[in-house]
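Dear colleague,

Please find the structure below, with its sequence. My notes on the aromatic rings follow it.

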Amino acid sequence: MLLVSLNREKIPYPVPPLGLASVAASLRQAGHAVSLLDLCFCPGPVEELQRRIETFVPEVIGLSIRNIDNVKYPLSINEFYLPRFRVPVEVCRQAGVPVIPGGSGFSVLPGPILEYFNLDYGVVGDGELAMVHLLQALTNGGDPGSVPGVISRRGGKQEQVGAWLCRELDTLPLPARDLIARGSYRTAGGKPVGNIQSKRGCPMSCSYCVYPRVEGRMMRLRSPGLVADELEYMTGHLHIHHIHFVDSLFNVPLEHAEAICREIIRREIKVQWVATFYSHPDYCSTEFLTLAKEAGCALVELGIDSCSDRVLEGLGKSFSASAVLAVLENCRRAGVNFMPFLLLGGPGENRATLRESLLHMEQAGTTVLLANVGIRLYPGTALAGRAAEEGVAGGDLFNPAFYVSPELNGDWENVLAEFGSRNKHWSIPYLARTAGEYAEHDGRCRVSDLF
């Protein structure tokens with residue numbers, strides 16, 4: 001089987017294809033011969049894909065679609081990735097073998113993407129076991145459409161038998177990182193960087209988010225000991241000491257995060273890491289943040305979205321503006337770098353709430369900050385329903401569409417420019433109007449500069 005990572009996005013930084021490496025490891029364990037092609041750094045991706053197909057001669061090709069677009073607004077700086085994938089997908093189709101897409105981006109819009117590329121089957125959710133069972137069905141003449149987690153097209157009709165969610169993550173083999181071109185993935189300072197996952201799932205109910213659809217609402221935890229084992233392998237054998245935890249929320253449940261930190265400290269693993277933290281003081285106490293810093297946490301990412309109670313309520317957030325401010329204060333007390341993420345323009349946002357959030361961020365003395373305007377809409381989310389009711393956006397939402405509060409009026413764009421001009425460590429992509437300006441904004445808050 002040939003596995004192909006289609007992602008070529010390098011802003012804000014290139015991301016190793018961890019999910020595809022995990023699928024590769026499960027396929028190997030099941031006895032399949034696996035080749036992995038990462039197109040991210042290929043100067044001629046189509047030519048390299050053709051060469052790999054000719055030399056490896058795959059019987060099945062799997063495609064990883066990590067993202068649908070770069071989720072940036074306005075549309076002048078938005079990049080819709082699916083059209084650029086058409087040529088490599090067609091090259092795979094010409095090989096005359098089954099072509100099976102999967103990945104987080106595919107799992108968000110599986111039916112429309114199958115139709116778009118005219119493919120027969122795809123994998124939704126966790127791909128490790130679903131792909132193994134799908135190959136069994138293809139090999140033994142079974143019905144691929146009967147495999148949980150597989151979506152199929154039959155006579156123009158789409159059918160899906162649930163999503164495959166691996167409940168016991170500890171039973172999965174470690175990702176096949178030997179198949180990834182690790183030397184290409186580096187921090188801004190040139191140091192090798194990798195990623196790791198300690199859990200899957202998200203129990204939160206943010207009105208715009210598709211995480212629960214991709215990974216389920218039930219949190220499935222890896223044992224802290226196995227997470228530490230993987231970190232030791234990455235640092236000791238692969239010489240990767242700069243690592244991103246890709247969990248939806250690292251510190252939920254808190255006891256699990258604490259156990260991982262203590263295991264890193266106990267084993268004296270030399271690592272610097274970044275993770276997204278749930279922005280509530282019960283989960284981000286000064287004591288826990290101090291523990292995380294001792295364990296190598298170089299940056300706390302906080303998806304706070306807003307610092308206005310009115311907007312937080314409209315976004316379905318489970319914390320208040322006062323909770324956010326308490327977390328930021330705890331970060332300062334613990335002496336850990338912190339990076340809030342804002343999603344400006346949500347339900348109820350107006351010029352006053354916009355200024356309120358930005359002023360709070362300025363006063364908090366953030367290490368770095370990323371403030372996006374406009375919230376990407378996905379079918380089936382509460383925000384998509386609200387957008388349709390308000391006439392903000394509608395339709396199938398296959399092409400990138402964004403929610404921006406109808407209450408934003410007046411000189412609110414000048415408010416953004418005012419704060420952006422005096423906070424050089426803030427990235428506000430909305431202020432960019434060209435790709436060059438977008439890259440300049442991105443350069444203001446490169447996470448990899450901090451570790």
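A charge is taken to sit over a ring if NZ of Lys or CZ of Arg is within 6 Å of the ring centre and within 35 degrees of the ring normal. The model is a predicted one, in which local features need pLDDT of at least 70 and side-chain atom pairs count only at pLDDT 80 or more, while totals for chains, interfaces and linings use all residues. Residues are numbered from 1 along each chain as its sequence is written, and side-chain values use heavy atoms, with hydrogens and water left out.

Lys10 lies over the face of Phe41, at 5.4 Å from the ring centre, and Arg86 lies over the face of Tyr116, at 3.9 Å from the ring centre.

The whole structure holds 17 aromatic pairs, a pair being rings of Phe, Tyr or Trp (its six-membered ring) with centres within 6.5 Å, and planes under 30 degrees apart counting as stacked, over 60 as edge-to-face and the rest as tilted. Among them, Phe41 and Tyr185 are edge-to-face, because their planes stand at 80 degrees, with the ring centres 5.0 Å apart. Phe41 is partly exposed at 32% relative accessibility, whereas Tyr185 is buried at 1% (buried means under 20% relative accessible area, exposed over 50%, partly exposed in between, with a 1.4 Å probe and protein chains only).

Phe250 and Phe277 form a tilted pair, 5.7 Å centre to centre with 45 degrees between the planes, and both residues are buried. They also belong to one aromatic cluster, together with Phe245, Trp273 and Phe288.
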